[in-house]
Amino acid sequence: MGLLSEGSPLTWDETKALAQHVREHGIEQFINLFARLKDRQGDVLKWGDEVEYIIVRFDDKERAVQVSLRAQEILAKLNEKEAADPQGVKSLWRPEYGAYMIEGTPGKPYGGLLAHFNVVEANMRYRRLEVAALLPDNEMVMSITSFPRLGCPGFTFPFAVPTPEDEACAARSNFFPDEAIFPGHPRFKTLTRNIRQRRGEKVSINLPIYPDRETKIPVEGSIPTHPNHVHMDAMGFGMGCCCLQLTFQACNISEARTLYDQLTPMCPIMLALTAASPAYRGFLTDVDCRWNVISASVDCRTREERGEVPLKNDRFRIYKSRYDSIDSYLSPAGEKYNDMPLVLDETLYKRLREGDIDHLLAQHIAHLFIRDSVSLFSEKVHQNDREDTDHFENIQSTNWQTMRFKPPPPNSPIGWRVEFRPCEAQLTDFENAAIVCFIVLLTRVILSYQLDFLIPISKVDENMQNSQKRGAVLTERFWFKKNITAIPKDGSGGEQEQPTAAPAAAASQQPMQNGETPGDATDEYELMTIDQIINGKGTFPGLVPLINSYLGSMDVDADTHCTIQQYLKLIQKRASGELMTTASWIRKQVVSHPEYKNDSVISEGNCYDLLRKAKDIQDGVLPCPELLGNNISSKTTDNIPAAIEKHLTKRC
């Protein structure tokens, strides 16, 4: 969820009055941090996953299912282990937006050993069991991306009622009560209230309804301008979804920028491949993913900033929500593909350049800093810009994008990092581990083989929208580089002097002139299916075959090899359509249920049976070959094999 500073939250009016103060001091903090750490070298590969979970309560007598608002109570118990032994725990737990959500990560990051891939699933299983041990028999911990009836009457336990007319409420939602927001940290309700107040109205999320034979239009609860859409009006509908994220530590800033860029075109591919959320507010929708839901749920732009009325009181026309896909590449290799208008604060850009920040990074930061702070604590207003980074992180951590470029924290052994953020949470630890290991292996192949995935940012944006369509993994095609094994002319972000061109004027809204724009250079990229991207076609090798080629040159122990191959097979079969995505599986379960009336509505009993079945699949009680395949036999273990550890000890 980002920065979790403690303190007394300011009102929106107080926060707004300090917006420029936060921006200016945040820039100074970044300049000072960059000066200290820009030449940092030699950090080793470390990485970790974040899985978000929902606590679900089943009422078997009534055949009903709800989200349980006990995350704060459960989290307090989970954190006792960390408090007692911070270095010895196998998992770490943090709050998330929903009062029914928790986030779990490994106790320590994984490293560069291939044997670490054999630990991931076991650690995920450990986390799930650790939570389950604290729950009564009728409550379950589930890694589902969206609770299908979130926002329906009675969807919470204890029962809570929305109070949209109550001015004291943070969300003032017609569907989502404030009680469903995590109460244990002021950040969450403060963000909810301030985003709504900054926007000048409630957020408006509208998803096209899945059109079935008896679907009623207008959809219940829809707004007049979108009668055939499912309407949602609160931050909780987006931030109340779960995801699977990855963070990598690079050896230096140059490698981090390369990974940031090269993974960007993979974001829509992995979003489509992990699609897991077709149901919202008790309806089947015509989308498979959460991304645009979250984007709209935190869209704090005013009508002026959205371009609905001329600019008068605001500074910029802003083209995207603060939760969206990235707008520019950071490495020299990516510069010519920055073909979209980049709105930035020119004063802050100038200060960054004066502070010895190169053009590409300066424009990236100045673009993030067109946003206001939407959460500020009184204790954090005045800081030491040479030592603190809270003002920088205040803006950085509330730009929730597909990729995040993360500087080292001050006074920390942690290096330059990159966060990969698009993936949806899957039902089982096996699936989540497969996705994590695939992406980590892909980063190793990108760097080892100097792969080049770069395409224009405009094409990535187009891919992001297509990736969320119903059945996109099979029915859509995506822009992708034709020759990914050609080394970029500048050496994929190697040490090289950065360009010094000034940014285009923000007011003109013209594309950044970062070199020759590739336009529709179809000799460089073309439309491909996800099957072709993952498995290959013709002269295009495919990402999994490249990973297998890389693994063939490495010394992999038998158990790890077995596990990795099971993971790669899952990715390949999801891409080819041999296995269903989670979204397709959920949709099939809903429409084939005896209570379903061909009206796009998910009844209480339908939702109950869906999640009961999902729980049995998650726990390995019920086989699901259409989702997972047959003969899953990964050799995952809690520990690195002793033989590997012994080998490492000898080498050291």
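Which residues have the most contacts inside the largest nonpolar core? The points below begin with that matter and then turn to helix packing and to the backbone.

1. The model under discussion is predicted. Its largest nonpolar core has 184 residues, and those with the most contacts inside it are Trp 47, Phe 176, Met 266, Phe 420 and Phe 438. Helix 13 supplies the largest share of this core, namely 13 residues.

2. Phe 176 may be examined in detail. With residues up to four places away in sequence not counted, Phe 176 touches the aromatic residues Tyr 97, Tyr 100, Phe 155 and Phe 237. The list of residues touched by Phe 176 also includes Leu 150, Pro 162, Ala 171, Ile 181, Ala 234 and Gly 236.

3. Helix 13 (residues 429-449) also packs against helix 7 (residues 253-263): their axes come within 11 Å and cross at roughly 115 degrees. Angles from 65 to 115 degrees count as roughly perpendicular, and helix 7 and helix 13 are therefore roughly perpendicular to each other. Their crossing is right-handed. On the side of helix 7, the residues that meet helix 13 are Glu 255, Thr 258, Leu 259, Gln 262 and Leu 263; their partners in helix 13 are Thr 443, Arg 444, Ile 446 and Leu 447.

4. The crossing in which helix 17 passes helix 18 is left-handed. Helix 17 contributes Val 544, Ile 547, Asn 548 and Leu 551 to the contact, while helix 18 contributes Ile 564, Gln 565, Leu 568, Ile 571 and Gln 572. Six of the residues in this contact are nonpolar and three are polar, with no charged residue among them.

5. Most peptide bonds are trans. The bond from Phe 157 to Pro 158, however, is cis, with omega near 0 degrees. Pro 158 is placed in the loop between strand 6 (156-157) and helix 5 (186-199). Ile 217 and Pro 218 are likewise joined by a cis peptide bond, for which omega is about 5 degrees. Pro 218 belongs to the loop between strand 7 (205-208) and strand 8 (229-232).

6. Most residues other than glycine have a negative phi. Arg 63, which is not a glycine, has a positive phi of about 50 degrees. Arg 63 lies in the loop between strand 1 (46-59) and strand 2 (64-68), and a relative accessible area of 30% makes Arg 63 partly exposed. For Asp 356, phi is also positive, near 70 degrees; this residue sits in the loop between helix 10 (346-354) and helix 11 (359-368).

7. Is Glu 305 buried or exposed? Its relative accessibility is 4%, so Glu 305 counts as buried, the cut-off being under 20%. Glu 305 is found in the loop between helix 9 (291-297) and strand 12 (323-324). Apart from neighbours within four places in sequence, Glu 305 is in contact with Arg 198, Cys 300, Asp 314, Phe 316, Arg 317 and Ile 318.

Terms used: Residues are numbered from 1 along each chain as its sequence is written. This is a predicted model: local features need pLDDT of at least 70, side-chain atom pairs count only at pLDDT 80 or more; totals for chains, interfaces and linings use all residues. Side-chain values use heavy atoms; hydrogens and water are left out. A crossing is left-handed if the near helix is turned anticlockwise from the far one by less than a right angle, and right-handed if clockwise. Helices (H or I, at least four residues) and strands (E, at least two) are DSSP runs, numbered from the N terminus. Contact means heavy atoms within 4.5 Å. Ala, Val, Leu, Ile, Met, Phe, Trp, Tyr, Cys and Pro count as nonpolar, Asp, Glu, Lys and Arg as charged, and the others, Gly among them, as polar. Buried means under 20% relative accessible area, exposed over 50%, partly exposed in between (1.4 Å probe, protein chains only). Axes are lines fitted to C-alpha atoms, for helices over the stretch in contact, and angles run from 0 to 180 degrees between N-to-C directions. Angles under 35 degrees count as roughly parallel, over 145 as roughly antiparallel, 65 to 115 as roughly perpendicular and the rest as oblique. A nonpolar core is a set of buried Ala, Val, Leu, Ile, Met, Phe, Trp, Tyr and Cys residues joined through side-chain atoms within 4.5 Å.
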